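Dear colleague,

Please find below the structure that I am handing over to you. My notes on what was found in it follow directly after it.

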Amino acid sequence: DVESGYANGEVEGSYKAVLAQEKLRQWGRSDKRNHAEVVKVTFDTSKTSLEKVLIQFWESHDPTQGDRQGNDVGSNYRSAIYTHSDAQLAVANKTRDAYQTALSAAKRGRITTEIAPLKAYFRAEDYHQDYLVKNPDGYCGLG
């Protein structure tokens, strides 16, 4: 199952607050850390593994873009993996290293994905949930 949300920022956990914080950061009026716009993934470990989920993560976006994804630019669009345990952190780092090896062999850039323990998470507003169901031709491109 998936849920849209905001994670690991120092501001209120709402879309309005995230957009406002990003503007303040761009204008040099705040150095508070913004939330990343994230997808919380819940899965049955008897049917798949975290490693398989993360392989899909790496292959479904460009993790070398820094604070952006496609046309969306800002620290809230950073690529990130937030973990709940040291074991998850180890798997995230292992899959990152393997994917970086493949990217380097293909003469692609350095992975900028933030990998860190989850410190704060807020569920996104209802209108952000099931985005591609509500917008089948939506910009995101993941489905």
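Aspartate 126 is exposed in this predicted model, with a relative accessible area of 55%.

Strand β1 pairs with strand β2 (residues 36-41) in the antiparallel sense, over six bridges. β1 also runs antiparallel to β7, to which three bridges join it. Which residues stand across from glycine 5 in these two pairings? In β2, glycine 5 has valine 38 opposite; in β7, its bridge partner is arginine 123.

Asparagine 8 is not a glycine, yet it has a positive phi of about 60 degrees. This residue lies in the loop between β1 (2-7) and α1 (15-26). Is asparagine 8 buried or exposed? With 7% relative accessibility, asparagine 8 counts as buried, because the limit for this class is under 20%. Lysine 107 also has a positive phi, near 60 degrees, and is likewise a residue other than glycine. It is found in the loop between α3 and β6 (114-117). Lysine 107 is exposed, with a relative accessible area of 77%.

I turn next to the aromatic residues. A pair of aromatic rings is described by the distance of the centres and the angle of the planes. A search of the whole structure finds two aromatic pairs. One of them joins phenylalanine 57 and tryptophan 58, with 5.0 Å from centre to centre and 70 degrees between the planes, and is edge-to-face. Phenylalanine 57 is partly exposed, at a relative accessible area of 24%, whereas tryptophan 58 counts as buried, at 1%. In which way do the rings of tryptophan 58 and tyrosine 99 pair? Their centres are 6.0 Å apart and their planes are at 20 degrees, so this pair is stacked. Tryptophan 58 belongs to helix α2 (residues 50-59) and tyrosine 99 to helix α3 (residues 86-105), so the pair ties together parts that are 41 residues apart in sequence. Phe57, Trp58 and Tyr99 form one aromatic cluster.

The largest nonpolar core has seven residues: Leu54, Trp58, Ile81, Ala92, Leu103, Ile111 and Ile115. The elements that give two or more residues to this core are α2 and α3. A second, separate core has six residues, among them Ala7, Ala36, Val38 and Ala80. Val38 was named above as the residue opposite glycine 5. To return to the largest core, leucine 103 is one of its residues. Apart from its neighbours within four places in sequence, leucine 103 is in contact with Pro63, Thr64, Arg108, Gly109 and Ile111.

Finally, I describe the chain as a whole. The protein chain has four helices and seven strands. From the N terminus on, the order of these elements is β-α-β-α-β-β-β-α-β-β-α. The radius of gyration is 15 Å, close to the 15 Å that the globule rule gives for 143 residues, so the chain is as compact as a globular protein of that length. Along its principal axes, the C-alpha trace spans about 40 × 35 × 30 Å. Of the 143 residues, 32% count as buried. Among contacts in the chain with a separation of 6 or more, residues 24 or more positions apart account for 68%. The chain exposes about 9,100 Å², and carbon and sulfur atoms supply 52% of this area.

Yours sincerely

Note on methods: Residues are numbered from 1 along each chain as its sequence is written. This is a predicted model: local features need pLDDT of at least 70, side-chain atom pairs count only at pLDDT 80 or more; totals for chains, interfaces and linings use all residues. Side-chain values use heavy atoms; hydrogens and water are left out. Rings of Phe, Tyr and Trp (its six-membered ring) pair if their centres lie within 6.5 Å; planes under 30 degrees apart count as stacked, over 60 as edge-to-face and the rest as tilted. Buried means under 20% relative accessible area, exposed over 50%, partly exposed in between (1.4 Å probe, protein chains only). Two strands pair if DSSP finds at least two bridges between them. The radius of gyration is taken over C-alpha atoms; the globule rule is 2.2 Å times the number of residues to the power 0.38. Contact means heavy atoms within 4.5 Å. Accessible areas come from the Shrake-Rupley method with a 1.4 Å probe; for residues, only the protein chains shown count as cover. A nonpolar core is a set of buried Ala, Val, Leu, Ile, Met, Phe, Trp, Tyr and Cys residues joined through side-chain atoms within 4.5 Å.
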